[in-house]
Every structure is written in C-alpha cells, then in structure tokens.
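This report is for a reader who is new to the structure shown below. It takes up aromatic rings, strands and surface in turn.

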Amino acid sequence: MDEVLYGPMQLLVIVFDNPNFHGQIRRELDSVMNKGMVRLIDLLFIWKDEAGNIKSLETTQLDEEEKMRFGAVVGGLIGYGAGGEEGARGGTEAGLLAAAQENYGITEEDILEITEAIPEGTAAAILIIEHLWAKNLKQAIRDAGGVMVSQGMLTPELLIAVGEELTEAVKFAEKKKKGPQAAAAF
C-alpha cells in the first residue's frame with residue numbers, strides 16, 4: 001500500500017469574547033508542535049478593537065515545498081471526489097495555483113467573512129492542524145484494509161450538554177409514564 005503522507009487534519013474555529021492574551025495559547029501550541037504531536041498547517045488570528053480596527057496574524061509550519069505539495073494533494077483529493085480522475089487533474093492544478101499564491105488553507109474570503117462577523121472588542125482564530133501522532137495509526141488502519149468513513153471530536157462541553165439533554169428527556173419520559181397511571185387510579 002501507499003505510505004500515508006499526512007495525518008488527520010482538523011479545523012478549529014475559536015471565538016474570544018473578552019480577549020485576554022498573555023502568550024499562554026502560543027506556548028501550549030509550541031509545546032505540542034515541538035513534541036511532534038501536531039503540525040500547524042495554517043493559523044489565522046483576527047482581533048477587532050473597540051473602534052473596529054482589525055489586526056491579524058497568519059502563520060504556518062509548512063515550508064515552501066510543503067505548501068506546494070499540500071496544495072496539490074488537497075486540490076487533487078477534492079477534485080477526485082468531485083469529478084473522478086479528470087477532476088483530480090484540475091484539482092491538483094488549482095491546488096498548486098492556490099499554494100503558489102500562499103492560499104493553501106484559509107482564503108481571503110474566509111478572512112473577510114470572519115472580520116465582518118466578529119463584534120468590536122473580540123477576537124477569532126481559525127487553525128488547521130495535522131495530527132502527526134495519528135499518522136502511524138492511520139497507516140496501520142490502511143494496511144489492514146480499513147477506510148475512515150466518519151470522524152468527529154467530542155469535547156467535554158459537548159458531553160455535558162448531551163448529558164443535560166438526556167437528563168431532561170428521561171425526566172419527561174418518567175412524567176409521561178406516570179401520567180396515565182395516575183389518571184387510571186382516580
């Protein structure tokens with residue numbers, strides 16, 4: 001089988017209602033990158049002050065060759081999914097062109113949409129990270145004939161929300177169950 005070129009990619013969108021930065025996010029991101037756990041494909045950070053002035057920062061860990069390769073691979077995969085082999089050729093060309101214009105992750109349109117969407121005095125960040133730690137697992141799955149068909153991230157906050165909804169559903173079901181029995185007793 002072909003060697004896995006990339007680990008799973010993840011898109012993170014984060015909003016900061018009351019930005020209070022002291023470098024803690026950068027230090028933690030540097031830590032996981034230095035340990036080889038993740039690679040930063042693209043990061044866009046936007047801050048809009050109270051007057052509506054915008055400051056932004058964009059960075060990546062990809063070198064120029066990797067940007068071109070990444071753009072070509074992603075463009076080819078998207079093109080293949082949309083239009084088979086012919087689509088893959090067009091997608092590869094489009095991906096190379098986008099990478100050459102340093103548009104290998106987050107587009108100008110993305111930036112404009114974000115800056116318009118966030119209120120004054122807030123900030124937003126969009127990260128595309130590659131999970132390097134999962135690359136060998138991905139290879140083992142592929143070697144065993146497995147194909148990833150779905151994935152997702154479960155956060156503790158999501159599990160808490162699901163738990164709260166489940167509790168309400170159980171309470172409702174219990175009330176509904178007791179309702180007819182109570183009426184029958186009269």
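How many aromatic pairs does a search of the whole structure find? The search finds 3 such pairs. The model is a predicted one.

**Aromatic rings**

A pair of aromatic rings is described by the distance of the centres and the angle of the planes. For F21 and F45, the centres are 5.2 Å apart and the planes make an angle of 80°, an edge-to-face arrangement. F21 belongs to the loop between β1 and α1 (24-34), while F45 belongs to strand β2, so this pair ties together parts that are 24 residues apart in sequence. Ring pairs also bring in F16, giving a cluster of F16, F21 and F45. F21 has a relative accessibility of 35% and counts as partly exposed, because partly exposed covers the range between under 20% (buried) and over 50% (exposed).

**The loop between β1 and α1**

N20 is also found in the loop between β1 and α1. The side chain of N20 makes a polar contact of 2.8 Å with the side chain of H22. N20 and A123 are 103 residues apart in sequence, yet their C-alpha atoms are 9.8 Å apart in space.

A123 is one of the residues of β4. Is strand β4, residues 122-131, buried or exposed? Of its 10 residues, 10 are buried, so the strand is largely enclosed by the rest of the structure. The side chains of T122, A124, I126, I128 and E130 point one way from β4, and A123, A125, L127, I129 and H131 point the other way; residues of both sets are buried.

| Strand | Bridges to β4 | Residue pair |
|---|---|---|
| β1 (residues 9-16) | 8 bridges | L12 opposite L127 |
| β2 (residues 38-48) | 10 bridges | K48 with T122 |

L127, which stands opposite L12, and T122, the bridge partner of K48, point opposite ways from β4.

Which residues make a nonpolar surface patch of about 410 Å²? The patch is made by M37, W133, L137 and I141. Of these, M37 is found in the loop between α1 and β2. M37 has a relative accessible area of 36% and is partly exposed.

Technical notes
Residues are numbered from 1 along each chain as its sequence is written. This is a predicted model: local features need pLDDT of at least 70, side-chain atom pairs count only at pLDDT 80 or more; totals for chains, interfaces and linings use all residues. Side-chain values use heavy atoms; hydrogens and water are left out. Buried means under 20% relative accessible area, exposed over 50%, partly exposed in between (1.4 Å probe, protein chains only). Helices (H or I, at least four residues) and strands (E, at least two) are DSSP runs, numbered from the N terminus. Two strands pair if DSSP finds at least two bridges between them. Rings of Phe, Tyr and Trp (its six-membered ring) pair if their centres lie within 6.5 Å; planes under 30 degrees apart count as stacked, over 60 as edge-to-face and the rest as tilted. Patches are made of residues with over 30% relative accessible area and no salt bridge: like charges are joined within 9 Å, nonpolar side chains (Val, Leu, Ile, Met, Phe, Trp, Tyr) within 5 Å. Accessible areas come from the Shrake-Rupley method with a 1.4 Å probe; for residues, only the protein chains shown count as cover. A salt bridge is a side-chain nitrogen of Lys or Arg within 4 Å of a carboxyl oxygen of Asp or Glu. A polar contact is a pair of N or O atoms within 3.5 Å; within protein, one must be able to donate a hydrogen and the other to accept it, and residues adjacent in sequence count only if both atoms are side-chain atoms.
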